[in-house]
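Please look through the structure shown here. The notes after it are grouped by topic.

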2 protein chains.
Amino acid sequence: MTEQNSNFAPLKNDRFLRALLRQPVDRTPVWMMRQAGRYLPEYRATRAQAGDFMSLCKNTELACEVTLQPLRRYAFDAAILFSDILTIPDAMGQGLYFAEGEGPKFKKVIRTPADVESLPDVSIPSELSYVTDAVALIRRELNGSVPLIGFSGSPWTLATYMIEGGGSKDFRHAKEFLYNHPEAMHLLLDKLADAVIDYLNAQIAAGAQAVQIFDTWGGVLTPSAYRTFSLAYMQKIIGGLTRHSDGREVPVILFTKNGGQWLESIAASGCNAVGLDWTTDIANARERIGAQVALQGNMDPSMLYASPEAIRAEVGSILAGFGSNPGHVFNLGHGITPAVNPDHVAVFVESVHELSAAYHDA
Amino acid sequence: MTEQNSNFAPLKNDRFLRALLRQPVDRTPVWMMRQAGRYLPEYRATRAQAGDFMSLCKNTELACEVTLQPLRRYAFDAAILFSDILTIPDAMGQGLYFAEGEGPKFKKVIRTPADVESLPDVSIPSELSYVTDAVALIRRELNGSVPLIGFSGSPWTLATYMIEGGGSKDFRHAKEFLYNHPEAMHLLLDKLADAVIDYLNAQIAAGAQAVQIFDTWGGVLTPSAYRTFSLAYMQKIIGGLTRHSDGREVPVILFTKNGGQWLESIAASGCNAVGLDWTTDIANARERIGAQVALQGNMDPSMLYASPEAIRAEVGSILAGFGSNPGHVFNLGHGITPAVNPDHVAVFVESVHELSAAYHDA
């Protein structure tokens, strides 16, 4: 499938890819986690047309459509594949569904080591061709305007949903499993890491130009459990990825929510960029790890509820915190929330581009 | 009311108070956040007798009874007043109630600066005499066996519940208020800080020998918002407290959940001890701030779901991480959860006392 890639249009705006590799840029690139989402009326319309959330993910044309919607409104420097982090466990037969207003659920849960042993060995790329088809279509439709980000949940994050059977407040079952059956937990995480490698490589082969690993729940672990049960498997994934495509490096972004205390270990994982949530001071993060990796982040998503003036001031303060070196991708510290006014997103994106000029010579 | 204190029995076990002041002890003292709670069948029985949760808090005899229950089973080195963190907003007329299985709710919410202005000026000690009565009774019933901890929620944490009207996943309304009405937010926090000062001083006058400020939601803020909107008001509280009673210092413990990135600022607040959740490495925390303050924590509460052997090993590892200096109070990194087996708590407490002997000469 690599041959297919060379047919894509040449990239016109490569700020995002350059910043991830800590190369000079003219403006700080910006995108938003969950930028294709419910805050946009056009997203809600397409979602209604598709039916439920997974039908939208599985419909190649509509998944492409919602991916492109935010780019028609805002000058984002990257697109991100519209999909869900839980496609892999779904492909493994766990039966993903979305109960209205309740978030993701699984029909089957993992509660014993035997449940892990009996997980079916499936070919992720063929089970998840709806994802790679969407990647290829989006890449074609982007027509070189901005790069396309592929993504996956981290093995630990996927495991929490598979064990809990959905979201959780205290991760009781996942922690109980980890503490009582560490070997079975390692087996599960290893199976998931292998699946994520196949999945992300298939996305890269189909046209993804950078990938992000979402470790949404790594931050609920102790420091030592984080290293052993989350970071180690993300490191394995990074080591297994196709790192070049179309003659360019495919950068990897690692985002552990609430991982601010462990930035040094995350930066040493082999990733190109570390995603920061808003609880970390970006100036402090740059001091700690900014010489090794790029940083992505990190405005509080709730700041988008504030006035345009306050948003602009906060963008300015984060830009100043990072300073003038290359290696910053602007983003929120977590996904944008549904109740945000779309006009405020425009203020956010324009502020990043306008105010960042002062920090770049290129 | 200070005269009344001198009538209490002399303290037999002062490990907890000594450790908070970083004085030598013979064993590392241990208690558990939410040690009087639903994991105990006798608690559930008393709670059923009282009716709803607030009726239990407001019944002096029953609040005393549930405070003492865990001490009859385990060799804890401190008792903590049984109450709720939301008594102050309730006293201010916000109408606290507990919807079954849904956590705390308020009948009135604060959504505008005018709502803050119109908060009634109430005398906290007289409105909350049910709390101070419970403190005095518990202190008498403890009869000097172990010290009694009083507590309050932090102003920011109280404000989140008052603005959201209950718990929250993303603190949308509280953040929106903070970002759009910073002056009104400061006014609210200042009113709450004054109320907390009166409340904790009344608890100290009634017999509390140490106090803990629970900043449950400080960790959802950006670093700069944390300092301005949460830590600054806890500092104000610390400065306003009666710091001696019965001829002894009344130590203050400050616990910000998910505050691990800000330990240096927290330690500089004037508190005697910093509470750590389980996402912080205690060896690292001691290196960063352990020369200034005592540390309290920090086993993952979910570790109590593990085997006795695993619990003991984790206790050993945390004790080794802190090492042999004085100034460690053992605790969980957050409250114990309802589904824990009470026998595992016995293993936890015994392990702390047995394994800590090696780290103390006294």
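## Core

Val274(B) is in contact with Leu254(B), Leu263(B), Ile266(B), Ala267(B), Ile289(B), Val293(B) and Leu295(B), leaving aside its neighbours within four places in sequence. Two residues are in contact if their C-beta atoms, placed from the backbone, lie within 7 Å. This is a predicted model, in which local features need pLDDT of at least 70 and side-chain atom pairs count only at pLDDT 80 or more, while totals for chains, interfaces and linings use all residues. Residues are numbered from 1 along each chain as its sequence is written, and chains are lettered from A and ligands numbered from 1 in the order in which they are written.

- The largest nonpolar core has 240 residues, and those that touch the most other members are Leu81(A), Ile149(A), Val274(A), Leu81(B), Ile149(B) and Val274(B).
- A nonpolar core is a set of buried Ala, Val, Leu, Ile, Met, Phe, Trp, Tyr and Cys residues joined through C-beta atoms within 7 Å.
- A residue is buried if 20 or more other C-beta atoms lie within 10 Å of its own, exposed if 12 or fewer, and partly exposed in between, with C-beta atoms placed from the backbone.

## Contact between the chains

- Chain A gives 26 residues to the contact, and chain B gives 26 residues.
- On the side of chain A that touches chain B, the largest share is five residues from helix 11 (residues 172–180) of chain A.
- Helices (H or I, at least four residues) and strands (E, at least two) are DSSP runs, numbered from the N terminus.
- That side of chain A divides into nine nonpolar, eleven polar and six charged residues.
- Ala, Val, Leu, Ile, Met, Phe, Trp, Tyr, Cys and Pro count as nonpolar, Asp, Glu, Lys and Arg as charged, and the others, Gly among them, as polar.

## Helix pairs

- Two packed helices are described by the angle between their axes and the distance between the axes.
- In chain B, the axes of helix 15 (residues 282–289) and helix 16 (residues 308–322) come within 7 Å and cross at roughly 20°.
- That makes helix 15 of chain B roughly parallel to helix 16 of chain B.
- Axes are lines fitted to C-alpha atoms, for helices over the stretch in contact, and angles run from 0 to 180 degrees between N-to-C directions.
- Angles under 35 degrees count as roughly parallel, over 145 as roughly antiparallel, 65 to 115 as roughly perpendicular and the rest as oblique.
- Ile282(B), Ala283(B) and Arg286(B) of helix 15 of chain B meet Ile318(B), Gly321(B) and Phe322(B) of helix 16 of chain B.
- This contact of helix 15 with helix 16 of chain B has four nonpolar, one polar and one charged residues.
- In chain A, helix 5 and helix 9 pack at about 50° with axes 9 Å apart, and they are therefore oblique to each other.
- Thr60(A), Ala63(A), Cys64(A), Thr67(A) and Leu68(A) of helix 5 meet residues of helix 9 of chain A, including Tyr130(A), Asp133(A) and Glu141(A).
- Seven nonpolar, two polar and two charged residues form this contact of helix 5 with helix 9 of chain A.
- The buried residues of helix 5 (residues 60–73) of chain A include Ala63(A), Cys64(A) and Glu65(A).

## Backbone exceptions

- Most residues other than glycine have a negative phi, and most peptide bonds are trans.
- Gly297(A) and Asn298(A) are joined by a cis peptide bond with omega about 0°, and Asn298(A) is in the loop between strand 10 (294–296) and helix 16 (308–322) of chain A.
- Gly297(B) and Asn298(B) are also joined by a cis peptide bond, with omega about -5°.
- Arg22(A) is not a glycine, and its phi is positive, near 55°.
- Arg22(A) is buried, with 20 other C-beta atoms within 10 Å.
- Asn143(B), also not a glycine, has a positive phi of about 55°, and Asn143(B) is exposed, with 12 other C-beta atoms within 10 Å.

## A residue in helix 17 of chain B

- His353(B) is in helix 17 (residues 342–356) of chain B and counts as partly exposed, with 18 C-beta neighbours inside 10 Å.
- His353(B) and Asp77(B) are 276 residues apart along the chain, and their C-alpha atoms are separated by 10.0 Å.
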